[in-house]
Amino acid sequence: LVAPATTSATGSLDKAADASRDHSSHADLPHLRPSLARLALATAELDGNDLAQRPELIERAAAELVVHQPDATPDDVLTYALGLAAGSNAA
Amino acid sequence: VTGTLVLDCEAVQALKDPHHPKHRRAADIIAANAIRGRRSAPTSLRVVVPVAVRIEAGWDRTDAAASTINRITQGLDIACRDIDANLAVQLRAVMPQLSVVDATIGAAIGSAPPPVRILTSDADDMRRLLGYLGVLGSVVVL
């Protein structure tokens, strides 16, 4: 059912990844470049992760994590945010 | 690739136009998914677009104005085969409020590798589709 448009699926995903890495879709609109926090929030939404309902926690997690791990991924942020959430729930 | 991300008409329109009010939101979702595609063991979703959606949203891949969406989504077209058309008709019979285009989205959902995520501004109808089809998936509201 899924018909390749112009390239293989693997090739397509690789190119999409490259586009994301470069944020080249926003080359002319730099203020629209996604921050790590926004990417983490979007990742949570894609996963149906409850953290998607807590954008402020994701913002905090991204801000804190990037200080120690400049190359942190959105998934790293969510993992850290989960820990923050557990800590705040336990307190 | 571990599942499918289906784009609806407004998602396509938002991605096409950098000045669309929901462009940033839609692009964030696509970018977040793409990042997972560059892992050594990719877990990104395959981005797909039913052809009726592409037509309705005016996404001509050969149009220079479509260069942005071509570049950032690399979405794959889903053709509507006879079996899908039958399912689309059946969906409209049980959900008369469904547009023809949304019914083709339903047909695409019905045969897409799960889990299915639908990037849409029409969350209610899409949730109904998922429920009716019994497909493992969820809606990402645009």
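**View 1. Contacts within chain B of the predicted model.** Among chain B contacts between residues at least 6 apart in sequence, 60% join residues at least 24 apart; contact means heavy atoms within 4.5 Å. This is a predicted model, in which local features need pLDDT of at least 70, side-chain atom pairs count only at pLDDT 80 or more, and totals for chains, interfaces and linings use all residues. Residues are numbered from 1 along each chain as its sequence is written, chains are lettered from A and ligands numbered from 1 in the order in which they are written, and side-chain values use heavy atoms, with hydrogens and water left out.

**View 2. The fold of chain B.** Chain B has seven helices and five strands, in the order β-α-α-β-α-α-β-α-α-β-α-β along the sequence. Helices (H or I, at least four residues) and strands (E, at least two) are DSSP runs numbered from the N terminus. The radius of gyration of chain B is 14 Å, close to the 14 Å that the globule rule gives for 142 residues, so chain B is as compact as a globular protein of that length. This radius is taken over C-alpha atoms, and the rule is 2.2 Å times the number of residues to the power 0.38. Along the principal axes, the C-alpha atoms of chain B fill a box of roughly 35 × 35 × 25 Å.

**View 3. The largest nonpolar core.** A nonpolar core is a set of buried Ala, Val, Leu, Ile, Met, Phe, Trp, Tyr and Cys residues joined through side-chain atoms within 4.5 Å. Buried means under 20% relative accessible area, exposed over 50%, and partly exposed in between (1.4 Å probe, protein chains only). The largest core has 53 residues, of which Leu5(B), Leu7(B), Val12(B), Leu15(B), Ile109(B) and Leu119(B) touch the most other members. Helix 2 (residues 23–37) of chain B gives the largest share of this core, seven residues. Another core, of 16 residues, lies apart from it and includes Ala37(A) and Leu78(A).

**View 4. Surroundings of Leu5(B).** Beyond its neighbours within four places in sequence, Leu5(B) has contacts that include Leu46(A), Ile29(B), Ile30(B), Val47(B) and Leu119(B).

**View 5. Pro74(A) and its surroundings.** Pro74(A) lies in helix 4 (residues 74–90) of chain A. Pro74(A) counts as buried because its relative accessibility is 5%. Leaving aside neighbours within four places in sequence, Pro74(A) is in contact with Leu36(A), Leu39(A), Ala40(A), Thr43(A) and Ile35(B). Arg38(A) is 36 residues from Pro74(A) along the chain, and their C-alpha atoms are separated by 8.5 Å.
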